[in-house]
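I opened my notebook to look up a few things in one protein structure. Here are my entries, in the order I made them.

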Amino acid sequence: MTSDSILKPSASVVLVHGLWMKGPEMMLLRRRLLKAGFRVYQFSYRSVACDLNHNARQLNHFLERVEGERVHYVAHSLGGLVVRRMLHDFPEQRPGRIVTLGTPHTGSYVADRLGRNGLFRRMLGRSLPALSGELSPWEGQRELGSIAGYLPVGVGMLMHDLPKPNDGTVAVNETFLEGGDHALVKASHMGLLFSRRTAEQVIAFLCEGRFRKNEQQ
């Protein structure tokens, strides 16, 4: 990868956090993207109080304030589903690529299990249906790369039947999306946000439309 392929002043990246988060946890990833030459914006939304449709509309409004001829998306966990819904409902967006980190594109086993308990169902809030797999099919509207972790440290450790490999919260087989590229990183679900290897793969995909396959994960 050449520096010219990275340092594109017309390219912006919108970061979208996951469930129960607000955005500060993505700060290290933000810094690495800034260092690579991207303009970076953080979108924050109410992951428990508001449903996927509402948060997708909010993201669409947020994009009105984002500069750049190309707008990429880097989304963690539930954030990847918010981006997918936004592009489904508001497809007339500027060109750009998507990278999701630990996003359960086919539904979350952990969320489904937790959602059977009244207390945990309230904690998951109005995002539970989306996490359980109630989402419009992905029709390959644009290039999408999915990164999955395989260090099993997280709430899933309490569920011995969570499919392996997993990142402690999301199983690797839940992160595949037909037509998209896929990469594995040795990190937990939250650890994906702090991993240097994750950042390198994100930058590679945003610049080239594919992950690096010939290096140690």
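In which helix does methionine 123 lie? I looked it up: methionine 123 is part of helix 6. I note here that this is a predicted model.

**Entry on methionine 123.** Methionine 123 has 35% relative accessibility, so it counts as partly exposed.

**Entry on the surface.** I then looked for nonpolar neighbours. Met123 forms a nonpolar patch on the surface with Trp20, Leu119 and Phe120. Together the four have about 380 Å² of accessible area.

Next I turned to the largest pocket. I wrote down a volume of about 360 Å³ for it. Helix 5 (109-114) and helix 6 (118-124) are the elements that give two or more residues to its lining. I found 22 lining residues. Nearest the centre of the pocket lie Leu19, Trp20, Ser77, Thr169 and His189. Which classes make up the lining of the largest pocket? I listed 15 nonpolar and 7 polar residues, and no charged ones.

**Entry on arginine 97.** Is arginine 97 buried or exposed? Its relative accessibility is 13%, so I put arginine 97 down as buried. The cut-off for buried is under 20%. I placed arginine 97 in the loop between helix 4 (78-89) and strand 4 (98-101).

**Entry on a distance.** Last, I compared arginine 97 with leucine 119. The two are 22 residues apart along the chain. Their C-alpha atoms are separated by 37 Å. Leu119 is one of the residues in the nonpolar patch.

Methods
Residues are numbered from 1 along each chain as its sequence is written. This is a predicted model: local features need pLDDT of at least 70, side-chain atom pairs count only at pLDDT 80 or more; totals for chains, interfaces and linings use all residues. Side-chain values use heavy atoms; hydrogens and water are left out. On a 1 Å grid over the protein atoms alone, a cavity is a set of points where a 1.4 Å probe fits but cannot get out, and a pocket is an open set with protein on both sides within 12 Å along at least five of seven lines; lining residues have an atom within 4 Å of a point. Grid points are joined across faces, edges and corners, and a volume is the space filled by probe spheres set on the points. Helices (H or I, at least four residues) and strands (E, at least two) are DSSP runs, numbered from the N terminus. Ala, Val, Leu, Ile, Met, Phe, Trp, Tyr, Cys and Pro count as nonpolar, Asp, Glu, Lys and Arg as charged, and the others, Gly among them, as polar. Patches are made of residues with over 30% relative accessible area and no salt bridge: like charges are joined within 9 Å, nonpolar side chains (Val, Leu, Ile, Met, Phe, Trp, Tyr) within 5 Å. Accessible areas come from the Shrake-Rupley method with a 1.4 Å probe; for residues, only the protein chains shown count as cover. A salt bridge is a side-chain nitrogen of Lys or Arg within 4 Å of a carboxyl oxygen of Asp or Glu. Buried means under 20% relative accessible area, exposed over 50%, partly exposed in between (1.4 Å probe, protein chains only).
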